[in-house]
Amino acid sequence: LLVSPARPIVLLEARDDAPVAPSVAPGNPVLGVMLPPSPLHRLLVEPGEALVLTSANHAGEAICIDDSRAFAFLGSLADAVLWHDRPIATPCDDSVVRLVDGRPLPIRRARGYAPLPVRLPIRGPITLAAGADLKNTCCWTSPDVDGSMAVLSQHHGDVETLAAVRALDASASRLADLLSLPA
């Protein structure tokens, strides 16, 4: 999973001999481990070193994709901020996966796993589904030649703020456009 094209965060049992500061996930029996997902990330980390990363969003808020907001939030928190001159078109967090009985179980479908379709065994109408306010995502179902398919958006987290609701709405619209569906 760590070296797959999706490069998800993989939840692994914490080991006593792991070279991780006790302040990282205190009391948690698992650690989220990932390898650099891009060549840029490889340049930032020397072999054997580790980084603690954040998506630059407050709990319950959508991922921050605006540089000035990210700087205002992270300015006093982070040791460094990685900037790029290209705007972010689709905010997407890292996927999180854990192994259960030797099989990968996605905990959070995002980069690398969304919007991959899931085949459904029956044909059904075009439907938009969205979760409740916690750990939110949205999904369009659409008739397909072999039945139907469900296409899930990336993870949006908790929908507690207007910005988070707007991010979810934009995601549903992007998926509808991608699938040529009415929004």
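Modeller: Buried means under 20% relative accessible area, exposed over 50%, and partly exposed in between (1.4 Å probe, protein chains only). Helices (H or I, at least four residues) and strands (E, at least two) are DSSP runs, numbered from the N terminus. The model is predicted: local features need pLDDT of at least 70, side-chain atom pairs count only at pLDDT 80 or more, and totals for chains, interfaces and linings use all residues. Residues are numbered from 1 along each chain as its sequence is written, and side-chain values use heavy atoms, without hydrogens and water.

Biologist: Which residues of α3 are buried?

Modeller: An α-helix has 3.6 residues a turn, so residues three or four places apart point the same way. The buried residues in α3 are Ala164, Ala167, Leu168, Ser171, Ala172, Leu175 and Ala176.

Biologist: Which residue forms a salt bridge with Asp94?

Modeller: A salt bridge is a side-chain nitrogen of Lys or Arg within 4 Å of a carboxyl oxygen of Asp or Glu. Asp94 is buried at 19% relative accessible area. The closest N and O atoms of the pair are 2.5 Å apart, and the partner is Arg111.

Biologist: Is Arg15 buried or exposed?

Modeller: Arg15 meets Asp17 in a salt bridge, 2.9 Å from N to O. The relative accessible area of Arg15 is 56%, so Arg15 is exposed.
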